[in-house]
Amino acid sequence: MRQLKYFIIVLSALLTACSNIENATTEDIKKECEKQNWEKVKLMCEAYIKKDNKNPIVFKSLGDAYLSKKDTAFAQYSYQKAIELDSSYIDAIVAIAEIQMNSKSSSSAISMLLSNIEKMPEEPQLYNALGCAFRIEGNDNEAQFNFEKALSIDPNYIVARRNLGVLQMSHYELDDAILNFQTILDIEPKSAIAHNYLGLAYALNKNNKEAEVEFKNAIKCDLKYVDAYENLGYHYDQQNNLTLAKKFYEKAAKLGSENAKNLLKNKKFKEKGK
């Protein structure tokens, strides 16, 4: 009897799960996307499309699910279907551009983004994506112009400001880069990425104390942020503080940094451990 009851409970749970998938709403799908439960998202979207194939949000979510599996062909197809249903669906347009950039077709991304900017000249996401495409093409002037254009439309657009700061840092325009990362932290004080980049900018500017503080701030914001551990280790390494350098390289290595693992192979760290 107990075994029968157990089977009934299991069967009931399975039927409930199937019902949740078959009767999923767009809100249900969005919630699963936020959880990054991509297999469930895929099943929900496929079930939804069988009943209604006119919802662009569902096709965009299906594209995200395929992209999580690195199936870029089906992801791009799904994003394109979303755009066919809603030609102003910015997230889907940018998603296709990112696939093109990652597949070394940045020129195609540039053409597509420019075409959409003609129709929607006030969308900062399009300018930011265009800036990224130009950066890949090696055209930093156009990249900077488009990042700045995105920020002229939305000064609080953190992604564009970060991209601009990284570009400025690569050209050693460090005061401007520092200002942009500080501005991000004014908007989002617990951004581990912004703290880490600010630390790098300070390090390049020879402001070692400030760099150390920012790398530590990044770790406080995200205890699993590999780059910040590695950068802090490198900071101590440069100061010949091998004890602390080894400590933070080891933490980065435990979190999966191959670079930190290679750095720890250096003879000076092996001797330090003796």
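H8 and H9 cross in a left-handed way (left-handed if the near helix is turned anticlockwise from the far one by less than a right angle, right-handed if clockwise). Helices here are DSSP runs of H or I with at least four residues, numbered from the N terminus. This is a predicted model, in which local features need pLDDT of at least 70 and side-chain atom pairs count only at pLDDT 80 or more, while totals for chains, interfaces and linings use all residues. Residues are numbered from 1 along each chain as its sequence is written, and side-chain values use heavy atoms, with hydrogens and water left out.

**The H8 and H9 pair**

- The two helices H8 and H9 pack at about 165°, and their axes are 8 Å apart (axes are lines fitted to C-alpha atoms, for helices over the stretch in contact, with angles from 0 to 180 degrees between N-to-C directions).
- H8 and H9 are therefore roughly antiparallel, a word used for angles over 145 degrees.
- On the H8 side the contact (heavy atoms within 4.5 Å) includes Pro124, Tyr127 and Phe134, and on the H9 side it includes Asp140, Phe147 and Ile153.

**The H12 and H13 pair**

- The axes of H12 and H13 come within 8 Å and cross at roughly 165°.
- H12 and H13 are therefore roughly antiparallel to each other, and their crossing is left-handed.
- Among the residues that meet here are Ala192, His195 and Tyr202 from H12, and Glu210, Phe215 and Cys221 from H13.

**Helix H10**

- H10 covers residues 158–170, which is 13 residues, and reaches 18 Å from first C-alpha to last, close to the 18 Å expected at 1.5 Å a residue (the expected span is 1.5 Å times one less than the number of residues).
- Several H10 residues are buried, including Ile158, Leu164, Leu167 and Met169 (buried means under 20% relative accessible area, exposed over 50% and partly exposed in between, with a 1.4 Å probe and protein chains only).
- The buried residues of H10 pack against H8, H9, H11 (174–187) and H12.
- Just after H10, Tyr172 takes a positive phi of about 60°.

**Nonpolar cores**

- The largest nonpolar core has 49 residues, and Ile29, Tyr79, Ile93, Leu113 and Leu126 have the most contacts inside it (such a core is a set of buried Ala, Val, Leu, Ile, Met, Phe, Trp, Tyr and Cys residues joined through side-chain atoms within 4.5 Å).
- Helix H6 (residues 90–102) gives the largest share of this core, nine residues.
- A second, separate core holds 32 residues, among them Ile184, Ala192, Tyr225 and Val226.
- Leaving aside residues up to four places away in sequence, Tyr79 touches Phe59, Leu67, Ile96 and Ile99, among others.

**Single residues to look up**

- Gln36 is not a glycine, yet has a positive phi of about 60°.
- You can find Gln36 in the loop between H2 (26–34) and H3 (38–51), where Gln36 is exposed with a relative accessible area of 57%.
- Lys206, another residue that is not glycine, has a positive phi near 65°.
- Lys206 lies in the loop between H12 and H13 and is exposed, with a relative accessible area of 67%.
- His235 sits in helix H14 (residues 226–238) and is buried, with a relative accessible area of 6%.
- Not counting residues up to four places away in sequence, His235 touches Asn208, Glu212 and Phe215.

Terms used
Angles under 35 degrees count as roughly parallel, over 145 as roughly antiparallel, 65 to 115 as roughly perpendicular and the rest as oblique.
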